[in-house]
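Hi,

Here is the structure I said I would pass on.

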Amino acid sequence: MITEFIKRYPSWVIFGRRFMKHGLILVILVLMIIPLYFKSYTLAKQLTLDKSESKLLDGVELLEQQVLRAQTITNLLRQEESFKRLFFLKGPPSSEYYLDINVVQSRLKNLALTQDMYSNVYIRFRENPVFISNYISSDNYEDVYARYYRYGNLSAEQWQKRLFGENYTLKLFPADQVYSSYYHRQPFGGITIIINNSYFNAFDPQSVLAIDMDRLDLLDKLLYADQWKDHFVYIADNEGRILMSHNYDAGARSGETQEAAGPISEIKLAGETYIALAQTSELLGLKVVVGIPAGAFEGNVNSLLELLLLYIVAGMALVVLLAFLFSMREALSLKKLVETAARSTKTGFNLRNEYKYLDNAFAEIHTINEQQHGRIEALNDSIKYSIAKHLLILGVFTEREKEEAAGYFGSAFERFCVAKAVYRVEEGSHSAPKTAQQNMGLALEERFNAVLRQRPLALNFHANETVFVLFLGLEEGGAERLDLKARLAELIRSLNAESPLSMTVSIGISEVMSGPERAKAAYQQAKYALGINENEVASGVYLFEAVPDPDTHPAFDNAVLLKLYDALIAGEKSPVSQILEDCLGRLADYSLPEQEQLQIFFSVRQTVSSAHKVIVGGKDGPDGQPVDIPAYDQSQDIMRLADRLRLTALDLCAIVIGNKKSNNDKLKTDILNHIRENCGDPGLSAGGIASELLISEKYVFSFVKEQTGKSLGKYIEEIRLANAERLLLETDYSNNRIWKQCGFGSENTFYRAFSKKHGVTPTVWRENQRNLTGWQ
């Protein structure tokens with residue numbers, strides 16, 4: 001029963017075996033995942049710590065960057081002449097200092113923007129009441145403190161004393177209930193950082209720059225949004241004073257509340273256990289501590305377990321699905337091989353000889369491939385035979401035909417000659433003449449291959465003759481024809497000596513030629529050499545010897561008319577001009593009989609007329625006038641008629657070229673439109689454009705360079721920058737949204753390209769442009 005099933009359904013047996021193999025892989029994967037499941041708590045805890053620690057490090061680094069940028073601002077301000085005048089001013093400023101105040105305030109505002117200061121920044125002087133911030137300026141700080149800006153727990157005198165009461169370079173203090181009508185609608189808390197802005201900051205500060213850092217901004221830098229509710233944060237200075245805290249009772253340091261002692265430690269706060277992460281800033285002289293509740297780890301563990309189970313279930317389902325698909329695909333693929341093996345070996349399929357069947361199938365496929373390869377080689381030989389026959393009989397006139405010959409023969413026609421062999425077997429021989437001649441032709445080809453350095457090309461035009469194209473190397477000397485004659489004569493003598501038949505072999509050899517366009521002439525020379533020397537009695541090898549005869553006119557070659565027709569249909573002006581010059585130029589030879597002149601004229605006219613019917617089809621010429629074929633008129637000179645016929649042929653070429661050009665103009669329009677419509681795609685490239693429009697990448701590059709004078713990448717970048725400038729001026733979109741919408745691959749690419757063109761960042765450029773245009 002089982003054996004019968006295996007014979008009837010071999011594909012299902014193959015499918016089952018492969019599905020079991022993939023199922024084993026699934027079992028191995030499950031066994032590998034089990035240890036990961038039991039270590040999930042440790043992994044979840046470590047992931048949570050790594051995530052929070054990374055956020056903490058980034059937050060402290062951003063805090064330090066704000067201070068470093070503020071110090072950069074102080075260094076730049078001290079270089080301003082207006083700042084120097086205000087620094088050394090004692091007492092209230094007179095009206096002549098108002099311009100200096102305005103200059104310093106404008107400079108502070110621009111520097112705060114370029115340095116990405118997200119905090120409230122202001123400048124105070126010890127010896128005068130001037131107040132300057134990145135939003136407002138005044139000549140009376142007490143008025144500002146009473147109306148626009150103040151600390152809720154400090155009076156103006158206490159504020160003055162805090163700023164200038166001691167010598168320091170950098171100082172931090174908690175900012176409670178900061179009221180700033182121009183920065184925030186509601187009072188805010190945080191940390192104030194004061195930087196000595198004096199020229200001699202080793203002494204008592206004469207000028208300071210203060211930064212009010214909003215508590216919410218600091219929390220956003222130190223915690224993720226989902227951690228605000230249950231995590232705590234506090235920032236303390238080197239003396240342990242709490243500068244800012246969140247969910248942390250700074251005054252509840254009892255026996256159950258401990259301070260973080262290391263980078264990672266476990267503390268208890270109000271009866272709850274926390275893992276504290278601490279990060280110290282040597283630059284600012286403070287320590288930032290983030291507390292992670294133990295319950296957060298359990299939540300993360302549960303989330304991780306749920307995600308892990310989801311991945312396990314999804315992974316198992318995916319593996320089962322892939323196992324099914326792969327097994328089915330392999331079974332279907334191997335089914336034909338197994339069936340082929342069964343037909344070739346005549347044996348039934350069973351579970352034990354599966355691979356034997358596959359080996360037999362591959363052997364069968366290999367045999368088929370060899371047969372197909374043989375057919376392809378035979379087809380290539382047939383094509384080469386046809387091209388060679390075309391070269392010898394019709395000749396080569398156009399560049400396209402030369403390229404076709406070079407594609408199949410390479411450089412073989414650089415030096416060659418043609419040999420025509422004619423062989424005869426006497427009627428009285430015991431073998432049939434036809435069979436004997438065929439055997440003689442094969443023997444002659446074999447001997448030619450043996451005596452020549454390069455394998456010749458053999459062509460059989462008739463039953464008793466073979467034409468050989470002999471390819472000569474560049475290194476062979478000028479006496480190769482004589483040497484060739486001697487070798488072929490020896491070949492004929494050996495054939496006569498070995499053959500039991502009575503036969504004659506005559507061979508005519510042309511001059512050494514160069515280029516496929518000379519193949520026809522070489523063949524004609526070989527025929528001529530054989531025709532004037534051949535006899536039916538004795539064998540021989542005959543070389544073509546040119547005998548000049550000034551009274552003999554070369555015969556008109558009708559094969560050239562086929563070339564003329566093909567060139568007209570293709571719109572190839574150069575070949576058409578060349579062929580017409582060769583044909584119609586013969587009419588200028590007045591020694592040519594009138595009958596031959598008329599024959600040449602009417603032959604060329606009939607060819608142009610045939611092309612005219614195909615090309616024109618009722619259309620007008622390039623000048624808007626109908627294209628007519630000139631009729632023969634005995635009253636007109638034959639050369640004038642020939643000139644009119646030449647112009648008509650060139651008009652036909654112009655019509656063909658015009659049709660091609662109109663298509664090219666549409667293609668060029670499609671390329672530019674495609675670039676403009678898809679410049680927002682970061683993946684836009686020459687390959688994508690070429691694939692979409694079915695053209696080559698090389699044409700895309702050359703066309704864009706020709707039309708715009710720029711490379712493709714530069715042209716696309718300019719379009720994207722123009723779109724970005726428009727969005728910066730007409731919308732309030734963020735820089736992040738703009739660079740994505742305009743197709744820049746990354747934010748760095750956008751900033752680099754924009755800064756290279758304008759010299760400033762997009763934010764500064766937008767601000768400057770709106771200030772110039774009065775945009776609201």
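The second largest pocket comes out at about 340 Å³. Bear in mind that this is a predicted model. There are 14 lining residues, and those closest to the pocket centre are K384, R455, P456, L457 and A458. As for where the lining comes from, two or more residues each are supplied by α10 (354–393), α11 (399–409), α12 (433–451), β14 (457–462) and β15 (465–471). Of these, α10 gives the most, with three residues.

Next, the sheet. Seven strands make an open sheet, ordered β3-β2-β1-β7-β6-β5-β4, with antiparallel pairing. The edges are β3 (137–138) and β4 (149–151); each has a single partner strand, so one side of each has no neighbour in the sheet. Helix α5 (residues 98–114) packs on this sheet and touches β1, β2 (131–133), β3 and β7, with its direction at about 30° to that of β2. Helix α8 (residues 215–222) packs on the sheet too, touching β6 (188–196) and β7, and its direction makes about 65° with that of β7.

How many bridges join β1 to β7? Strand β1 (residues 120–125) and strand β7 (residues 207–214) run antiparallel and are joined by six bridges. Within that pairing, N120 sits opposite D212, and V121 faces I211. With β2, the pairing of β1 is again antiparallel, over three bridges, and I123 stands opposite I132 there. β1 and β2 form a hairpin, with five residues between the two strands.

Is β1 buried or exposed? It is mostly covered, with six of its six residues buried. That goes for both faces: N120, Y122 and R124 are buried on one side, and V121, I123 and F125 are buried on the other.

Finally, some totals for the whole protein:

- The secondary structure comes to 24 helices and 17 strands.
- Of the 776 residues, 41% are buried.
- The accessible surface is about 42500 Å², and carbon and sulfur atoms account for 53% of that.
- Among contacts between residues at least 6 apart in sequence, 64% join residues at least 24 apart.

Cheers

Definitions and conventions: Residues numbered from 1 in each chain as written. Predicted model: local features only at pLDDT ≥ 70, side-chain atom pairs only at ≥ 80, totals over all residues. Heavy atoms only, no water. Helix = DSSP H or I, 4+ residues; strand = E, 2+ residues; numbered from the N terminus. Buried < 20%, exposed > 50% of the residue type's maximum accessible area, 1.4 Å probe, protein only. Contact = heavy atoms within 4.5 Å. Areas by Shrake-Rupley, 256 points an atom, 1.4 Å probe, with all protein chains shown as cover. Pairing = 2+ DSSP bridges. Axes fitted to C-alpha atoms, helices over the stretch in contact; angles between N-to-C directions. 1 Å grid on protein atoms, 1.4 Å probe; cavity = no way out; pocket = protein on both sides within 12 Å on 5 of 7 lines; lining within 4 Å. Points joined across faces, edges and corners; volume = space filled by probe spheres on them.
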